[in-house]
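Welcome! Let us take a friendly walk through a protein model, one piece at a time. Have a look at the picture before reading on.

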Amino acid sequence: MIRKLGKCLATAALTAAAAMTGPAHAGYPDKAVRIIVPYTPGGFNDTMARVFAKKLQEAMGQPFIVENKPGAGTVIGTEAGARAAPDGYTLVIVGFPLVSNQFLYRKLPYDAKKDFEPIIVGAQTPNFLVVKASSPVQSLADLVKRAKAQPGKLNYATAGTGTSNHLTMAYFQEEAGIRLVQVPYKGSAPMVTDLLGGQVDTMFDNTPNVLPHIKAGKMRALGVTSAKRSPLAPDVPTVAEQGYPGFEVSVWYGLAAPAGTPRPIVERLNAELNKALQAPDVRKIFAEQGVEPVGGSLEEFRQFFDAQMSKWSKVIQAAGIQAE
């Protein structure tokens, strides 16, 4: 009798919960939704957020408003996303720094794995390893040979400690058994300027930042970090095919919600964005930015995220890198 009563009470509770939450989920959204971007306007993170906002507003009938919250290496905006109410009305753009910061900082105001509900990986782009076109370094093998012959002589530009281009080079140095000297800059633009001016020897950087210079003949690409050759530069061999099997780095851009956001809301957002990523206008915008649309299920995002956590924790710890 007690077991039967307990079963009846549990059934009643589930029915009541469904009655309370069902209509709320079915009616989502019934007001404006904000998308936090932990970056300044202008970069691809911001572009993707605005593309997503437009498509979601068209599909779901409510405003999706982009709110830029840059600062502290994305920590300020990311924390705002983590601490928001898990009701589907605050979303946050996430990406490579969400993973790397977890291991670069001694203490963060959020947990990358526990405080977010992954929605979708929207896009990704590889890094290109480049030198100035007039550089005596002719190939990846040549770079490694020179670096081994004169340890600590060659230098490389980064957009700052812990950025994707810095960690990509740290990863490559471990794989190749070489040591180059880091020259940190405040962003990609000054690194590109100084590489072209001959002030630094080499660097990894995102496709949109270097591809125009590669195509213009101002830079020589020694390799690309994608698993397969980039369709944007099919003549550039991957790092992996040049003697470093398994070497792959993807600079990725995604969308997440605060942990605890109801599953039906997250699933609907995922479904709508997968549709959006197939739209010709979206694919055109992404192609112009030098990035590839991704998409996929919630589970695929979680698996990808876990793999990224495993990879970069090892790279950062092996290189002894800490955020400044």
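## A pair to start with

In strand β11, the bridge partner of A123 is P293. Two bridges join β4 to β11, and these strands run antiparallel. Two strands are said to pair if DSSP finds at least two bridges between them. Strands here are DSSP runs of E with at least two residues, helices are runs of H or I with at least four residues, and both are numbered from the N terminus.

This is a predicted model, in which local features need pLDDT of at least 70 and side-chain atom pairs count only at pLDDT 80 or more, while totals for chains, interfaces and linings use all residues. Residues are numbered from 1 along each chain as its sequence is written, and side-chain values use heavy atoms, with hydrogens and water left out.

## The whole protein

How many helices and strands does the protein have? There are 11 helices and 11 strands. Along its principal axes, the C-alpha trace spans about 80 × 45 × 35 Å.

Of the 324 residues, 48% count as buried. Buried means under 20% relative accessible area, exposed means over 50%, and partly exposed is in between (1.4 Å probe, protein chains only). The protein exposes about 15000 Å², and carbon and sulfur atoms supply 56% of that area. These areas come from the Shrake-Rupley method with a 1.4 Å probe; for residues, only the protein chains shown count as cover. Among contacts with a separation of 6 or more, residues 24 or more positions apart account for 78%. A contact means heavy atoms within 4.5 Å.

Now look at the individual pairs. Strand β1 (residues 33–37) runs parallel to β3 (residues 90–95), joined by three bridges. Here the bridge partner of I35 is L91 in β3, and R34 stands opposite T90. On to the antiparallel pairs: β3 and β10 share four bridges, with I93 partnered by L255. Strands β4 and β10 are antiparallel too, over eight bridges, and V121 has G254 in β10 as its bridge partner.

## Covered strands

Is β3 mostly covered or mostly open? It is mostly covered, with six of its six residues buried. In a regular strand the side chains alternate between the two faces of the sheet. In β3, T90, V92 and V94 point one way, L91, I93 and G95 point the other way, and all are buried. Strand β4 is also mostly covered, with eight of its 10 residues buried.

## The three-stranded sheet

A second open sheet has the order β8-β5-β9, with antiparallel pairing. Its edges are β8 (203–206) and β9 (219–224); each has a single partner strand, so one side of each is left without a neighbour in the sheet. The twist averages 40° from one strand to the next. Four bridges join β5 (residues 127–132) to β8, and L129 stands opposite F204 in β8. Helix α7 (residues 188–196) lies across β5, β8 and β9, running at about 135° to β8.

N206 is buried, with a relative accessible area of 14%. Leaving aside neighbours within four places in sequence, N206 is in contact with T125, P126, N127, S164, V251 and Y253. N206 and N165 are 41 residues apart in sequence and 7.6 Å apart in space, C-alpha to C-alpha.

Next, find Q150 in the loop between α5 (140–149) and β6 (155–158). Q150 is partly exposed, with a relative accessible area of 40%. Q150 and Q138 are 12 residues apart in sequence and 17 Å apart in space, C-alpha to C-alpha.

Conventions:
Axes are lines fitted to C-alpha atoms, for helices over the stretch in contact, and angles run from 0 to 180 degrees between N-to-C directions.
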